[in-house]
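Take a look at the chain below. The report then walks through some of its parts, one at a time.

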Amino acid sequence: MEIDDITPVAQDYVKAIWNATEWGEPPITTKALAARFETSAPNVSETLRRLARQGLLIYAPYKPVELTEEGRRLALVMVRRHRLLETFLVNTLGYGWDEVHDDAERLEHAVTRRFMERIDALLGHPVADPHGDPIPREDLTVPHPEDACRLADAAPGSYQVLRINDDDPAILQRLEEWGVRPGTRVVIAANGAALTGAGQPLDEPALESIYARPLPA
């Protein structure tokens, strides 16, 4: 099965299901999918049953949704498209990192494999998108650091920002103003306060959106 053999709705669903657990979070719920796609829970359940019949996922009411091997493969094709497109829009067309998500969501359903190969080559085969999310390689392997954690849950110490959730443009805009990007150093104090290396305090929504790795003491 190729990615264009399934509908744009199916493409969105398998990508959302895979994205939900990428950084160690629990599987996405029917309620969360309904909120994500602005539809009803019964509509989500029906879509999940249809995708299960297509062999893309395993679904049973009141249990976490699980992608099949085929569903995971197609999800990673969509993730690769999305993150390469975001990188292209920022690096080549001058988009801000808070502007790219919605346009990449639209474009990812229309591009061809050849087009994505050309973009990948043009960009020099980037390993991460503007928010720090790893771009699946051409063989669909995804390099993830094993020691990543959400900063909101981090113990006191020094950390390097790895990725920033791009769901909320307002948070991205604030972090841009504060000079926080992938690679930025953040210190969690003993009292739980978080400061960038430049001394900028970070609020709770920002900490919830940032994943980082501990730096050597």
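## The annotated region

Which residues does the UniProt annotation "domain: HTH dtxR-type" cover? According to the unreviewed UniProt entry, the annotation covers residues 6-68. UniProt positions are given in the numbering used here, feature names are shortened, and annotations may be inferred rather than shown by experiment. Over residues 6-68 the chain is 56% helix and 6% strand. The end C-alpha atoms of this stretch are 15 Å apart. Helices (H or I, at least four residues) and strands (E, at least two) are DSSP runs, numbered from the N terminus.

This is a predicted model, in which local features need pLDDT of at least 70, side-chain atom pairs count only at pLDDT 80 or more, and totals for chains, interfaces and linings use all residues. Residues are numbered from 1 along each chain as its sequence is written, and side-chain values use heavy atoms, with hydrogens and water left out.

## Helix 3 and its partners

Start with helix 1 (residues 8-21) and helix 3 (residues 41-53). Their axes come within 11 Å and cross at roughly 95°. Axes are lines fitted to C-alpha atoms, for helices over the stretch in contact, and angles run from 0 to 180 degrees between N-to-C directions. Helix 1 and helix 3 are therefore roughly perpendicular to each other. Angles of 65 to 115 degrees count as roughly perpendicular, under 35 as roughly parallel, over 145 as roughly antiparallel, and the rest as oblique. From helix 1, Val 9, Ala 10, Tyr 13 and Ile 17 meet Val 44, Thr 47, Leu 48, Arg 50 and Leu 51 of helix 3. Contact means heavy atoms within 4.5 Å. By class, this contact of helix 1 with helix 3 has 7 nonpolar, 1 polar and 1 charged residues. Ala, Val, Leu, Ile, Met, Phe, Trp, Tyr, Cys and Pro count as nonpolar, Asp, Glu, Lys and Arg as charged, and the others, Gly among them, as polar.

Now take helix 2 (residues 30-37). The axes of helix 2 and helix 3 come within 9 Å and cross at roughly 105°. That makes helix 2 roughly perpendicular to helix 3. Thr 30, Leu 33 and Ala 34 of helix 2 make the contact with Ala 41, Val 44, Ser 45 and Leu 48 of helix 3. The residues of this contact divide into 5 nonpolar, 2 polar and no charged.

## Buried or exposed?

Gln 11 lies in helix 1. At 2% relative accessibility, Gln 11 counts as buried. Buried means under 20% relative accessible area, exposed over 50%, and partly exposed in between (1.4 Å probe, protein chains only). Leaving aside neighbours within four places in sequence, Gln 11 is in contact with Ile 3, Asp 4, Ile 6, Met 78 and His 109.

Tyr 62 is found in the loop between strand 1 (57-58) and strand 2 (66-67). Is Tyr 62 buried or exposed? At 89% relative accessibility, Tyr 62 counts as exposed. Tyr 62 has a positive phi of about 70°, although it is not a glycine.

## Further along the chain

Leu 151 sits in the loop between strand 3 and strand 4. Leu 151 is buried, with a relative accessible area of 2%. Not counting residues up to four places away in sequence, Leu 151 touches Tyr 159, Val 186, Ile 188, Leu 207, Ile 210 and Ala 212.

In helix 7 (residues 169-177), Ile 171, Leu 172 and Leu 175 are buried. They cover an arc of only 100° around the axis, which puts them on the same side of helix 7. The arc is that of the directions from the helix axis to the C-beta atoms.
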